Amino acid sequence: MANAIRALAMDAVQQANSGHPGAPMGMAEIAVALWGRHLRHNPANPRWPERDRFVLSNGHGSMLIYALLHLTGYDLPMSELRNFRQLHSKTPGHPEVDLTPGVETTTGPLGQGVTNAVGMALAEKLLAKEFNRPGHAIVDHHTYVFLGDGCLMEGISHEACSLAGVWRLNKLIALYDDNGISIDGQVTPWFNDDTPKRFAGYGWNVIAGVDGHDVDAVDAAIAMAKLADRPTIICCKTAIGKGSPNRAGTARAHGEALGHEEVKLTREALGWPHEPFVVPEIAYAHWDARERGGAAEERWNAQFAAYQAEFPGLASEYVRRMRGELPRGWAQAAVDAAIAAHTKAETVASRKASQLALETFTHALPELLGGSADLTGSNLTNTSSTPPLRLEADGSSNGGRHINYGVREFGMAAIMNGIALHGGFIPYGGTFLTFSDYSRNAIRMAALMKRRVIHVFTHDSIGLGEDGPTHQSVEHAASLRLIPGLDVWRPGDTAETVVAWACAIESRARPSALLLSRQNLPYAPKAGLEDISKGAYVLAEPSEVGLAKKAQAVIVASGSEVQLALHAQQQLAVQGIAVRVVSMPSTTVFDRQSAAYKTTVLPPGLPRIAVEAGVTDGWWKYGCAAVVGIDHYGESAPGGVLFKHFGFTADNVAATVVKVLRG
């Protein structure tokens, strides 16, 4: 069984002349122990809700999971393994969720896979608390993760594994491939941690000194781990590229094809006489998990039917949540919340407007699982429906729905990805916008994986004031808008904030980022609410400031600067200059609208002036004649002082419009 993995890995990498054969060859026996003796899964139904989750955190070793999926009976034929790393194949260089059946998450950026696994294990634990009843353990599965030295070197592993220990995620089992090799060679000059002591310090159960090439030893360690009351790391000593006479135990086995001659020598050393991409039937017979997996799912289906008969409401809710569907009445609840915000027309910071929206939505949607990176009182991500989550030493949970992540922005973002991947929750988490840089790669991964994860970024500009340029976001809005597949919202009042939240919640295949102010924002009167969800809309025509003539220019603004645009419109009206004001809370959403709609908002031939307290680069694509922005860092002073100092005033906006019109 192990040599089938080795052969497929070296053959596929050799044929592609690209890839990483060392990890699959070195972890083959570990894979036999887990996938052959413990992992509960059904190749015929990769989305079975009660399957164990498996994460290959060292995603460069992707041929390991592809070999396993093929051998155990998933819809991954040998032709796909032959097509490893080729255009449009189901076997890309690093595993990608929703592309290859049986892959749970997209991995490759080291450390994020194990962090996703923490999120998955947390989701399992919380769903079990919410839905299980005496005699009905319908949520009761494990999360397994393979990881290597690189994952442990990445700082995010510290953030996530520390939390896993605090949360006592006893269904999380990590198998560490301790081969002592990375791309640059033997790791001891740059990675000499005492990993068992490190994880003991986190509060994990540690099983050290396991021979990673002894299937029975790994099997016994996994069995012990399943009995633990805390997460477990099994430290497996292995030889990278095991089986290769001249490459095993060396850096050359890590990230390059073995070479035709070495592949031949490896076949001889392993006693594997078969041609490339040929696996004997006896190996397939040992690996085939279809019958066992189908029987496991049938048993669970019977258990769920009994649960459904006794608890029909809970069963229906579980199915809805795991499907990612919103409840009946959601659409009307979202409309009602927007109308209520419009009617009240409150002057509040958009971070407070966000909390007001969340107060309604967290009550309506029990799947909303919030949190903050030690900034709850600033991000305002908590509500009366989301008490702080507390996981006790005895494994119990208080059922809280707001997670205190601590000062761990990157870890929070990647854990939320894992929660979303598992299913059953819509995660959201808050920090300051300037710290989105810490989270950026996990945000990108959420966009790449098309997962519904919501980031709440407050203190969105120089308007935060005295904390100064270290905390004042200047480039961050523009930077986030560059991430393909990420919806970025910067709402200007309470109604826009409600709509932004509703759109983020409804966006099943896109993550969202909500950029929110620290300072209060007056409500912007508007004729209707229906076009806010399109990302940009006409907020005020010249007629609304007493001018009975067509607009001569368009002022486009987002967030806190919408008020500047409205005041500038009034000033210009006194001079007889008619302008239209467009609020653009989401450039990313507006960019997806039809050409016809875009033309109704931004008529051709009218000069456009954009206003946003951030870098100007992103606004020129709208054909702007001028942009009132800030292309340098801020300073430490009260927010109002800074706005005036840097030219974010109605006077300056009006003067800019006049200058444009005069040519």
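Figure 1. Cys151 is buried at 0% relative accessibility, where buried means under 20% relative accessible area, exposed over 50% and partly exposed in between, with a 1.4 Å probe and protein chains only. This is a predicted model: local features need pLDDT of at least 70, side-chain atom pairs count only at pLDDT 80 or more, and totals for chains, interfaces and linings use all residues. Residues are numbered from 1 along each chain as its sequence is written, and side-chain values use heavy atoms, with hydrogens and water left out. A disulfide is a covalent bond between the sulfur atoms of two cysteines; the criterion here is a pair of cysteine sulfur atoms within 2.5 Å. Searching the whole structure gives zero disulfides. For Cys151, the closest cysteine sulfur belongs to Cys161 and lies 9.4 Å away, which is too far for a bond. Cys503 is also buried, and its relative accessible area is 19%.

**Figure 2. The largest nonpolar core and another core.** A nonpolar core is a set of buried Ala, Val, Leu, Ile, Met, Phe, Trp, Tyr and Cys residues joined through side-chain atoms within 4.5 Å. The largest one has 79 residues. Those with the most contacts inside this core are Phe361, Trp501, Ile505, Ile555, Leu602 and Phe648. Helix α21 (residues 494-506) supplies nine residues, the largest share of the core; helices (H or I, at least four residues) and strands (E, at least two) are DSSP runs, numbered from the N terminus. Another core, of 60 residues, lies apart from the largest one, and Ala121, Cys161, Leu163 and Leu172 are among its members.

**Figure 3. The surroundings of Trp501.** Leaving aside residues up to four places away in sequence, Trp501 touches Ser354, Ala357, Leu358, Phe361, Tyr428, Ile454, Val456 and Leu514. Contact means heavy atoms within 4.5 Å.

**Figure 4. An open sheet of six strands.** The strand order is β10-β9-β11-β12-β14-β13, and the pairing is parallel. Two strands pair if DSSP finds at least two bridges between them. At the edges are β10 (402-404) and β13 (487-489), each of which pairs on one side only. From one strand to the next, the twist averages 20°; axes are lines fitted to C-alpha atoms, for helices over the stretch in contact, and angles run from 0 to 180 degrees between N-to-C directions. Strands β9 (residues 368-372) and β11 (residues 426-432) run parallel and are joined by three bridges. Leu368 stands opposite Ile426 in β11. Helix α18 (residues 409-422) lies across β9, β11 and β12 (454-458), at about 170° to β11.

**Figure 5. An open sheet of five strands.** Here the order is β1-β2-β3-β7-β6, again with parallel pairing. The edge strands β1 (53-56) and β6 (205-211) each have a single partner strand, so one side of each is left without a neighbour in the sheet. With direction ignored, neighbouring strands are turned by 15° against each other on average. Five bridges pair β6 with strand β7 (residues 232-237) in the parallel sense. Asp211 stands opposite Lys237 in β7.

Figure 6. Side chains of opposite charge can pair when their charged atoms come close. A salt bridge is a side-chain nitrogen of Lys or Arg within 4 Å of a carboxyl oxygen of Asp or Glu, and the structure holds 32 of them. In the one between Glu124 and Lys171, the closest N and O atoms are 3.3 Å apart. Glu124 belongs to helix α6 (residues 112-131) and Lys171 to the loop between α8 (155-167) and β3 (172-178), so the pair ties together parts that are 47 residues apart in sequence. Glu124 is buried, at 2% relative accessible area, and Lys171 is buried at 17%.

Figure 7. Arg321 forms a salt bridge with Glu317, with 3.8 Å between the closest N and O atoms. Both residues lie in helix α14 (residues 312-323), four residues apart, about one turn of the helix. Arg321 is buried at 3% relative accessibility, whereas Glu317 is partly exposed at 22%. Salt bridges that share partners link Glu130, Glu317, Arg320, Arg321 and Glu367 in one network. A salt bridge also joins the side chains of Arg198 and Asp193, at 3.9 Å from N to O. Arg198 is buried, with a relative accessible area of 17%, and Asp193 is partly exposed at 43%.
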